[in-house]
Amino acid sequence: PLFFDLVRGLDSRQGDAEINFLSSFDSLSGEINLAPEVEIAVKNGTAIEFELPIDEFSISHYKFAFQQKLFNKKKSIGGIQSIYETDKSWKQHEIFILPILGFKFNEHLSILSISGLATKINYNRQIIPEVIANASLFYELNNRTVLGLEVNNIIPLSERNFSRRLATRVIPQVHRKIGKNYGVQAGIGVETNSGKIYPIVAMRLIREFHLKPVKSRKAAQTHI
């Protein structure tokens with residue numbers, strides 16, 4: 001998905017790595033948001049991520065993520081993703097636990113869900129629980145082009161924060177692989193927040209590569 005993405009693919013191999021750069025603009029705030037990140041598969045099916053969300057050209061948060069594949073069958077794949085995010089002062093925190101489920105209907109059509117629970121702890125140490133519901137539908141035109149429709153939802157479990165935190169984003173998108181190691185994703189959609197509806201535009205640039213394991217060398221022995 002363009003916005004709420006995986007930490008590498010669930011079937012990634014050890015050493016698979018990626019640097020990507022997400023940029024988005026919404027007309028409500030008039031802000032340009034940037035999010036460079038690094039993703040590395042440390043083992044087959046196990047990956048980690050570090051991201052630096054940037055608001056108005058200043059780093060606003062630090063984000064760390066872990067992802068583990070749990071199963072991979074003929075038409076379905078599953079795993080779990082956990083995320084920890086904090087502001088620069090380390091006084092506001094958010095923790096996500098998100099089961100992942102993907103299903104392939106045929107060679108072209110597939111669906112992916114990254115949904116679960118999040119807990120936010122604000123400056124006043126108030127705990128705000130939320131349901132995170134993300135679903136994406138994809139249609140693979142060919143081995144280089146994929147069309148998608150992504151829906152993101154934040155559903156507060158606290159009545160006090162319900163109207164202020166409830167948010168939905170719907171964004172059609174296209175994914176295009178360029179050459180062997182590059183890719184671009186782009187989309188235009190709408191977002192609702194605090195009862196307001198406004199357009200949003202986003203693009204993600206991707207550079208993939210593979211980290212080769214460092215081979216240990218035995219120290220040379222000198223014989224006299």
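User: How much accessible surface does the protein have, and what share of it belongs to carbon and sulfur atoms?

Analyst: This is a predicted model, and its values are computed. The accessible surface of the protein comes to about 13,400 Å², and carbon and sulfur atoms hold 61% of that area. Along the principal axes, the C-alpha atoms fill a box of roughly 80 × 45 × 35 Å.

User: Is D5 buried or exposed?

Analyst: D5 has a relative accessibility of 11%, so D5 counts as buried. D5 sits in the segment before β1 (16-26). Apart from neighbours within four places in sequence, its contacts are N20, E37, E39, Q81, I114 and R204. D5 and P53 are 48 residues apart along the chain, and their C-alpha atoms are separated by 14 Å.

User: Where is Q173, and which residues is it in contact with?

Analyst: Q173 belongs to strand β13 (residues 167-178). With 6% relative accessibility, Q173 counts as buried. Leaving out neighbours within four places in sequence, its contacts include P1, L2, F138, V146 and A186. From Q173 to E140 the C-alpha distance is 12 Å, while the two are 33 residues apart in sequence.

User: Which residue forms a salt bridge with E51?

Analyst: The partner of E51 is K63, at 3.4 Å from N to O. K63 is in strand β6 (residues 61-72) and E51 in strand β3 (residues 46-51), 12 residues apart. K63 and E51 are both buried.

User: Which residues are linked in a network of salt bridges?

Analyst: The network links R8, E18, K177 and E208. Within it, the side chains of K177 and E208 meet at 3.4 Å, N to O. K177 is in strand β13 and E208 in strand β15, so the pair ties together parts that are 31 residues apart in sequence. K177 is partly exposed at 32% relative accessibility, and E208 is partly exposed at 25%.

User: How far apart are the mean positions of the positive and negative charges?

Analyst: The mean positions of the 28 positive and 22 negative charges are 9 Å apart.

User: Which residues form a nonpolar patch on the surface?

Analyst: The patch is formed by F103, F105, I111, L137, L149, V170, V190 and I197, with about 650 Å² of accessible area together. L137 lies in strand β11 (residues 127-140) and is partly exposed, with a relative accessible area of 37%.

User: What is the phi angle of W90 and of R125?

Analyst: W90 has a positive phi of about 60 degrees although it is not a glycine. R125 also has a positive phi of about 60 degrees and is not a glycine. W90 lies in the loop between β7 (76-87) and β8 (93-104), and R125 in the loop between β10 (116-121) and β11. W90 is partly exposed at 44% relative accessible area, whereas R125 is exposed at 72%.

Terms used: Residues numbered from 1 in each chain as written. Predicted model: local features only at pLDDT ≥ 70, side-chain atom pairs only at ≥ 80, totals over all residues. Heavy atoms only, no water. Areas by Shrake-Rupley, 256 points an atom, 1.4 Å probe, with all protein chains shown as cover. Lys, Arg positive; Asp, Glu negative; His and termini not counted. Charge placed at Lys NZ, Arg CZ, Asp CG, Glu CD. Patch = residues over 30% accessible without salt bridge, like charges linked within 9 Å, V, L, I, M, F, W, Y side chains within 5 Å. Salt bridge = Lys/Arg side-chain N within 4 Å of Asp/Glu carboxyl O. Helix = DSSP H or I, 4+ residues; strand = E, 2+ residues; numbered from the N terminus. Buried < 20%, exposed > 50% of the residue type's maximum accessible area, 1.4 Å probe, protein only. Contact = heavy atoms within 4.5 Å.
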